[in-house]
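Colleague: I have a few questions about this structure. Can you take me through them one by one?

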Amino acid sequence: MAKILLTGGAGYIGSHTYLALIDAGFEVVIFDNFSNAKPDVPARLQDIAGDRVHVVEGDVLNRTDLDAAFAAHQIDGVVHFAAKKAVGESVEKPLDYMHTNVGGLLNVLAAMEAGGCRRIVFSSSATVYGDTDVQPIPEDHPRTYTSPYAFTKIAGEQILEQLTDDWAVGILRYFNPVGAHRSAMIGEDPEDIPNNLVPYIAKVATGDLAKLSVFGDDYDTPDGTGVRDYIHVEDLANGHVLSLKRLIDTGESHTVNLGTGEGSSVLDVVRAYGAACGDDIAYAIAPRRDGDVAVLTARPDKAKAELGFEATRTLADMCRSSWAWVSGQRRNDK
Ligand code: UFG
């Protein structure tokens, strides 16, 4: 069975993809520097999956670390998650973002070439579409950036598009991944006050934060609050399995949206989370957040046609799994 290297494999999406790949029969090696992942993630993955978890501790900015991973394992494909992902921080530290996200990708590609592996799945983002009234968005919509973070994702896609024909590349544009694994043993676990909606709501539900600020209720949307295409992280993880299978079976590169095609407003999420945790989520309307768009939803048909990908889990599933994870962690902390 093919052996896959996951850079950033101990992170939120990486760890869920690890389990989906193991379920699909792949061998998997995690490459991570644990800068944004808890050190106990491999042990948790081992508890869930049963078998020993292979981890190479290393940094994508360090070519020697990457070469060591390729020397230790015969790698058939790479999923490159390892990157910085906070839009606001990227405005403060644009060079950091370019260094890690673009420089890191270049290092990974060079190490892959040296190691004789030319199959890569790249974590891209719906942010490459910028602010557009075309909703839901098809993949051939022009790319444009509204932050240094978005710039690095477009640059990554463009670098991959320049590779020679003997490379097979899967570019996956994530919409808004939320939720947690069905085991409730892994999930999203931000250290600081969360920037993103569902992790923030989760901390209101646990009582760690008093109330959610809803950023704007005067958008041109059904209830005036921002609409996004939330996708369960386990569905998203499956998208990576299908992308890798396609690269391995056909060698055909692809660029696809990973979303549900459905939009939910901030207040829809507040209600769904309240139902999941059995308590109302306190909120107050606040001014719009700089850089936010009104609506961002995926056209999901290309991923279905090319990969057979379809998200099956609902917003209620996303909130229930998030709550199971967050409330379980809280019990453990006590
Ligand atoms: N929101 C609030 N209050 C909060 C946090 C968010 O009202 O405290 C609202 C936002 O205004 C937005 C929605 O909830 O309408 C979702 O916001 P998130 O921060 O959860 O997600 P974004 O859509 O802003 O950003 C996400 C990823 C980015 C990615 C972007 C586009 O975090 O990395 O999608 O793909 F670039």
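Modeller: Start with the fold. The chain has 11 helices and 14 strands. Keep in mind that this is a predicted model.

Colleague: What radius of gyration does the chain have, and what would a compact globule of 334 residues have?

Modeller: The C-alpha trace spans about 55 × 45 × 40 Å along its principal axes. For 334 residues, a compact globule would come out near 20 Å. The chain agrees with that, at 19 Å.

Colleague: What share of the residues of the chain count as buried?

Modeller: Buried means under 20% relative accessible area. The chain as a whole exposes about 14,900 Å², and carbon and sulfur atoms supply 46% of that area. Of its 334 residues, the buried share is 52%.

Colleague: Among contacts with a separation of 6 or more, how much comes from residues 24 or more positions apart?

Modeller: Contact here means heavy atoms within 4.5 Å. Take the contacts in the chain with a separation of 6 or more; residues 24 or more positions apart account for 79%.

Colleague: How much of the ligand does the protein bury?

Modeller: A side-chain N or O atom of R289 is 2.8 Å from a ligand oxygen, a backbone N or O atom of F215 lies 2.9 Å from one, and a side-chain N or O atom of S125 is 3.1 Å from one. Taken alone, the ligand exposes 690 Å². The protein buries 90% of that.

Colleague: Is R173 buried or exposed?

Modeller: R173 sits in strand β6, residues 168–174. Its relative accessible area is 3%. The cut-off for buried is under 20%. So R173 is buried.

Colleague: Which side chain joins that of R173 in a polar contact of 2.8 Å?

Modeller: Beyond its neighbours within four places in sequence, R173 is in contact with several residues, including S124, S125, E139, R143, E157 and N257. Its side chain also reaches the backbone oxygen of E139 at 3.1 Å. The 2.8 Å polar contact between side chains joins R173 to Y129.

Key. Residues numbered from 1 in each chain as written. Predicted model: local features only at pLDDT ≥ 70, side-chain atom pairs only at ≥ 80, totals over all residues. Heavy atoms only, no water. Polar contact = N/O pair within 3.5 Å; in protein donor to acceptor, adjacent residues only side chain to side chain. Areas by Shrake-Rupley, 256 points an atom, 1.4 Å probe, with all protein chains shown as cover. Helix = DSSP H or I, 4+ residues; strand = E, 2+ residues; numbered from the N terminus. Rg over C-alpha atoms; globule rule 2.2 N^0.38 Å. Buried < 20%, exposed > 50% of the residue type's maximum accessible area, 1.4 Å probe, protein only.
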